[in-house]
Amino acid sequence: MSSSPLSKKRRLSGSETTGSHCSSNSVRSELSHIPTNSSGCNRALHLVLSKHFYVLGHDAMKRMQSSNVLISGLRGLGVEIAKNVILGGVKSVTLHDQGSAEWRDLSSQFYLREEDLGRNRAEVSQPRLAELNSYVPVTAYTGALTEEYLTEFQVVILTDSNLEEQLRLGDLCHSKGIKLIIADTRGLFGQLFCDFGEEMIVYDTNGEQPLSAMISMITKDSQGLVTCLDEARHGFETGDYVTFTEVQGMTELNGCQPIEIKVLGPYTFSICDTSSFSEYIRGGIVSQVKMPKKIAFKSLSASMAEPEFVLTDFAKFDRPGQLHVGFQALHAFEKKHKRQPKPWNQSDADELVSIANDVNANQAGSAKVEQLDEELLKKLTYVAAGDLAPLNAFIGGLAAQEVMKACTGKFMPIRQWLYFDAIECLPETEGALLTEEDCAPRNCRYDGQISVFGCKLQDELAKQRYFLVGAGAIGCELLKNFAMMGLACGDGEVIVTDMDTIEKSNLNRQFLFRPWDVTKMKSETAASAVKQMNPSIRITGHQNRVGPDTEKIYDDEFFEGLHGVANALDNVDARMYMDRRCVYYRKPLLESGTLGTKGNVQVVIPFLTESYSSSQDPPEKSIPICTLKNFPNAIEHTLQWARDEFEGLFKQPAENAMQYLTDPKFMERTLKLPGAQPLEVLEAVYRSLVTDRPSSRKDCVAWARNHWQVQYSNNIRQLLHNFPPDQLTSSGAPFWSGPKRCPHPLEFSTSNELHMDYIMAAANLFAQTYGLAGSTDRAAVIRLLQDVKVPVFTPKSGVKIHVSDQELQNANASVDDSRLEELKSLLPTPDVSSEFKLFPVDFEKDDDSNFHMDFIVAASNLRAENYDIPPADRHKSKLIAGKIIPAIATTTAAVVGLVCLELLKIVQGHRRLESYKNGFMNLALPFFAFSEPIAAPRHKYYENEWTLWDRFEVKGVQPNGEEMTLRQFLDYFKNEHKLEITMLSQGVSMLYSFFMPAAKLKERLDLPMTEIVTKVSKKKLGKHVRALVFELCCNDETDEDVEVPYVRYTIH
């Protein structure tokens, strides 16, 4: 994915319920390096870390699990890094701190409580952090960081340390090959430094799946020109390495060592010298190869003088250099005064600027800046004593991701400095400086935040009423930040809703949940967990899905009482619904999502920005039906086919048969279906109730064996009868070429493991649909198979097989009426239902004992074998077939940190568009992009400007107590707004149009508006409905079409 914002289809996370539990066999091989004390231990670990596996892959996870990590400094930033690293699954984590908990720590250190004040931070945090992942030993250490002690660790992270210690340990770690990360936050400013040694190997720079393309031509040349099929762009970049398979003719390329390429166009690239190779005939697949890359890092002392910066915000191009000097000046100030600068103290700020000028003058290398930005450095001084949960979440998420890179060699590390600031969060009005008095410590848990923003904002935060939709990964992080910031910790309230229960696979990133919470409701568990972090937070958990069905709960009164909404959702439809509600009620919306290492943040501000729904993605590419049915060429095709098989064998037929038996209108509805569907549905019902109906386990095994024969032998033989391997197209080209792979039939064998996997899964699932007992005894099933008679198959002439979806659509599906009538007479009468019941099977990928994934993997890989497509293991199959969204705690933490910085601006009432930041990041690259939100587009009718936030307000009930009629409504717009309404609708109901038949119009004109709505929609208005939304099409006085806002028609 490029650096464009995450597509909306992928703006995912929050309340995910997708997890993954690998089969015990595959896990044993994947995790064989982990010592276990029980047979279920590996599987349980895989379950807990499942979504991280999908982001990092097996090799990287293995390397992670051999890394001992030391985290020094357990204030807010240190605990954030520790949380993410422990969830990630390293070998061990040691927490180091020699300091005691104080008031200002509580503004962001979520594992410290008021009763812990005065106690060692590492010792207090250790048991709470250890609960996050029972597979990662967590210990506390309060001694000195000596050379001897540090050699036990592969990665060391320093937070809350002075520059002298950083330089001492920096040189030590560099000389000993220990990877070092330095992380620091000062109020609204953050700093990150990485030194991973002089020979760091990165195995995968971006984490994307290797690309592949089909070849149409390769020339013989000093630089061979490769042309790909024009089905899709190849997507390669110059400098990529590729290898080849299945090339006919120029076979020297097949299985060759990786070759570096030069891209010449979207479908072409050049490779090595091919002039001496054989002539290219046809075919071939080119695949990208991820090549290890060696990177050298400078030590901290060397890098301070000659820094390399990763830019986080292109609008702040000169900031890193300024802050590089500023942070050194802060260290010098603290060394001199043995204290931090006082919040918003003018003389401290002046002194720091003077120190910064000295620091800059003494710089020898590229670290020297031409002109210091004194205003920026003063702001750094004013807020340096601050400790903000959102900034710690952002820098802590990034730092933990760097730990994972250091351990695994997966993804490109930060080289070597990253600086970040969020000074847009400060008051907008220039010169509106906060006072020292406003920001002085109060000996309360919000001191770290008050020192940046003063106590007025703290009071405002306490009053906020916020609606959080979703309590999954993003929801948990938001709640933690809300509690630390003091949101709704006075008269306010946070209402969190999520209808899901906690699953084991949630535990690796939904960090408010513990193993003993599995099966409990997410919203209630999350609410009680954050109350532990800050007992003052007022929070209520709901279990409702948001949507039209719950509008009597989340009604006008509910929304009007809110200050804002935060989405933590996992699907676009729910996001768009919440977006519409926020536009209607004019409430700010905080929107975010993650996909692996990618994350995005969007802020929606009434009357200022566009809404979430203002921009839409192109529809996702679907696989053509004919590709799935007859011409697959990738494992994704065979997995989708296997999923369709599952639904078409174990779910739909049982559902249709039960409807036939229990619903008197089923037959009438079915016969009205278009095309050949009535015949297909009734044939399936007939098979379910008559021909295929089993009476014993033996019948289920026989059915599975015969179905295997049809799918993997007979159908393939029929396809090859219609299109023999040497078939030519009308233009004389081979039919089986390019994306069409020539298949071959399979021969069944009980000694073939995959064949038996299929029979076991299919027979058990088939038995389940009839309520019969299954069997896991392979030997017994093999004995039953010996008695199964498989009918001899001979391919038939005259069988039509469609080659393209276009041909399929054009084929006139003639329905055999005589067969329909015959089926109607053959089907048993519905009264047999009293003693007979079928059980449709709903696909559930996360239970390894239910045969669902066993069936998908076997069905897909057998079809892949038919077409010579490389098979997929259970892990990859589950990822694709289960449509799992990869997720990792680091991205979630960083994204939510940015969301909460926007929240601080909203609560202060910022009104400038440039104060807000939409953000996109990809931590794998690493890449960051911030932009001001897009302004709400402006429209005009006559001289009236309007945006999506505007509307017509019409009071439906007149002063005399009677409701407006349609005639009065039309007249009102003509007289008041000089607009002639040509069409009027409410939802999907058309209430009025200029082409309406005269009789219908006459009937409606004098009816009250609500009566017309209930009549047309055939639905009563709920008691909770205070207003209706009408959409208008209008003409102006010159009879031109004009675009106008919607109408809010108030009835109560």
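Two strands count as paired if DSSP finds at least two bridges between them. In this predicted model, strand β5 (residues 179-186) and strand β6 (residues 189-195) meet that condition, pairing in the antiparallel sense over seven bridges. Within this pair, Thr185 stands opposite Gly190 in β6.

**Strands and sheets**

Strands β5 and β6 belong to an open sheet of eight strands, ordered β3-β2-β1-β4-β5-β6-β17-β16, in which the pairing is mixed. At its edges lie β3 (138-141) and β16 (309-310), each of which pairs on one side only.

A further antiparallel arrangement involves strand β23 (residues 598-604). Strand β22 (residues 589-595) is joined to β23 by seven bridges, and the two run antiparallel. Leu590 has Val603 in β23 as its bridge partner. Two residues lie between the strands in the hairpin of β22 and β23, where Gly596 takes a positive phi near 65°. Strand β23 is also joined by four bridges to strand β24 (residues 918-922), again with an antiparallel course. Here the bridge partner of Gly599 is Met921 in β24.

Is strand β23 enclosed by the rest of the structure or open? Seven of its seven residues are buried, so β23 is largely enclosed by the rest of the structure. Lys598, Asn600, Gln602 and Val604 point one way from the strand, while Gly599, Val601 and Val603 point the other way; all are buried.

**Salt bridges**

Side chains of opposite charge can pair when their charged atoms come close. The count of salt bridges in the model comes to 59. Three of these pairs are tabulated below.

| Pair | N to O distance |
|---|---|
| Arg168 and Glu165 | 3.9 Å |
| Arg319 and Asp421 | 2.9 Å |
| Lys940 and Glu943 | 3.7 Å |

Arg319 and Asp421 form a salt bridge in which the closest N and O atoms are 2.9 Å apart. This pair links distant parts of the chain, with Arg319 in helix α10 (residues 319-337) and Asp421 in strand β17 (residues 417-421), 102 residues apart. Arg319 has a relative accessible area of 18% and is therefore buried, the limit being under 20%. Asp421 is buried as well, with a relative accessible area of 5%.

The pair of Arg168 and Glu165 has a local setting. Because the two residues are three apart in helix α8 (residues 163-176), they are separated by about one helical turn. Arg168 counts as partly exposed at 43% relative accessibility, and Glu165 is partly exposed with a relative accessible area of 24%.

In the pair with Lys940, Glu943 counts as exposed at 67% relative accessibility. Elsewhere, salt bridges that share partners join Arg75, Asp97, Glu102, Arg104, Asp105, Arg121 and Asp160 into one network.

**Acidic surface residues**

Which residues gather in a patch of negative charge on the surface? They are Glu980, Asp1039, Glu1040 and Asp1041. Glu980 is located in strand β29 (residues 980-986) and is partly exposed, with a relative accessible area of 36%.

At 37% relative accessibility, Asp971 counts as partly exposed. The C-alpha atoms of Asp971 and Ile981 are separated by 9.2 Å, and the two residues are 10 residues apart along the chain.

Key:
Residues numbered from 1 in each chain as written. Predicted model: local features only at pLDDT ≥ 70, side-chain atom pairs only at ≥ 80, totals over all residues. Heavy atoms only, no water. Buried < 20%, exposed > 50% of the residue type's maximum accessible area, 1.4 Å probe, protein only. Patch = residues over 30% accessible without salt bridge, like charges linked within 9 Å, V, L, I, M, F, W, Y side chains within 5 Å. Areas by Shrake-Rupley, 256 points an atom, 1.4 Å probe, with all protein chains shown as cover. Salt bridge = Lys/Arg side-chain N within 4 Å of Asp/Glu carboxyl O. Lys, Arg positive; Asp, Glu negative; His and termini not counted. Charge placed at Lys NZ, Arg CZ, Asp CG, Glu CD.
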